[in-house]
Amino acid sequence: MTQIIALVGSLRAGSINRQLTEAAAQHAPEGIELSVFDGIVDLPFYNEDIDGDTPPEAAVAFRQALADADGVLLVTPEYNGTMPAVLKNALDWASRPFGASPLSGKPLAVIGSAFGQYGGVWAHDDARKAAGIAGAKVLEDVKVAIPQSVVRFAEKHPREDEEVVGLVRGALTALADAAAEPVAA
């Protein structure tokens, strides 16, 4: 079983990106289990002064969850042209310790939805860039940006949208395939 951990950039309980994550979990291909790590809300802003011998419990739990996963799915809206601060902060915590972080070499894909006509592509591009610099093995070819979310999902949940289901299943399959690849020496 391939274990994928999802980090959702919107903290709202009913957010479209949370719903998109629910759709991915419900329709995950056979052999893939998707779980959401909600603890990113508990991470303090990254500060090297508090990330020493005894980092905050929230950071320890987060890093362990990442270490236990085979791949990472970032699901993010776009806030003011970029990813939400909570997601960037999570990537900062995930990037440490430098060179030996739980994110190092881990397959990661970015998907999401936003109200605008491009579906959050700027936020997704920034998230891919930050995750790559943090050490993740970013799947640059996985691009799921669903535009006009408020209109598109006004009457139905993303899990009921066949196109969306196909897109998220494709993203999860790509993550599982990347996780199954041998690690380069």
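**Entry 1: the sheet**

Which residue in S2 is the bridge partner of Ile4? I looked it up: Ile4 is bridged to Leu34. I also found Ile5 bridged to Ser35 in S2.

Before going on, I noted the ground rules. The model is predicted, so I kept in mind that local features need pLDDT of at least 70, that side-chain atom pairs count only at pLDDT 80 or more, and that totals for chains, interfaces and linings use all residues. Residues are numbered from 1 along each chain as its sequence is written, and side-chain values use heavy atoms, with hydrogens and water left out.

Strand S1 covers residues 2-8 and runs parallel to S2, joined to S2 by 5 bridges. For the labels, helices (H or I, at least four residues) and strands (E, at least two) are DSSP runs, numbered from the N terminus. Two strands pair if DSSP finds at least two bridges between them. As background, strands of a sheet pair through backbone hydrogen bonds, either parallel or antiparallel.

I then traced the whole sheet. It is open, has 5 strands in the order S2-S1-S3-S4-S5, and the pairing is parallel. At the edges sit S2 (32-36) and S5 (137-146), each pairing on one side only. From one strand to the next the twist averages 20 degrees; axes are lines fitted to C-alpha atoms, for helices over the stretch in contact, with angles from 0 to 180 degrees between N-to-C directions.

How many of the 7 residues of S1 are buried? I count 6, so S1 is mostly covered. Buried means under 20% relative accessible area, exposed over 50%, and partly exposed in between (1.4 Å probe, protein chains only).

**Entry 2: the annotated range**

Over residues 3-148 I get 32% helix and 23% strand, with the end C-alpha atoms 30 Å apart.

**Entry 3: the cores**

Which residues touch the most other members of the largest nonpolar core? They are Phe62, Leu74 and Leu108, in a core of 30 residues. Such a core is a set of buried Ala, Val, Leu, Ile, Met, Phe, Trp, Tyr and Cys residues joined through side-chain atoms within 4.5 Å. Two or more residues come from each of S1, helix H2 (57-68), strand S3 (71-75), helix H3 (85-94), strand S4 (107-113) and helix H4 (121-133). H3 gives the most, with 6 residues.

Not counting residues up to four places away in sequence, Leu74 touches Leu7, Leu87, Leu91, Leu108, Ala109, Val110, Ile111 and Ala127. Contact means heavy atoms within 4.5 Å. A second, separate core has 24 residues, including Ile4, Ile16, Ala171 and Leu172.

**Entry 4: aromatic pairs**

My search of the whole structure found 2 aromatic pairs. Rings of Phe, Tyr and Trp (its six-membered ring) pair if their centres lie within 6.5 Å; planes under 30 degrees apart count as stacked, over 60 as edge-to-face and the rest as tilted.

Phe37 and Phe62 have ring centres 5.3 Å apart and planes at 40 degrees, so this pair is tilted. Phe37 is in the loop between S2 and H2 and Phe62 in helix H2, so the pair ties together parts 25 residues apart in sequence. Phe37 is buried at 16% relative accessible area, and Phe62 is buried at 0%.

Tyr46 and Trp93 have centres 4.6 Å apart and planes at 75 degrees, so I logged the pair as edge-to-face. Tyr46 is in the loop between S2 and H2, Trp93 in helix H3, 47 residues apart. Trp93 is buried, at 0% relative accessibility.

**Entry 5: single residues**

Is Arg128 buried or exposed? Arg128, in helix H4, is buried, with a relative accessible area of 5%. Leaving aside neighbours within four places in sequence, Arg128 contacts Val110, Val138, Leu139, Glu140, Val142 and Lys143.

I then went through the backbone. Most residues other than glycine have a negative phi, and most peptide bonds are trans. The bond from Arg96 to Pro97 is cis, with omega near -5 degrees; Pro97 lies in the loop between H3 and S4. Asn80 has a positive phi, near 50 degrees. Asn80 sits in the loop between S3 and H3 and is exposed at 85% relative accessible area. Gln148 also has a positive phi, near 50 degrees. Gln148 lies in the loop between S5 and helix H5 (149-152) and is partly exposed at 43%.
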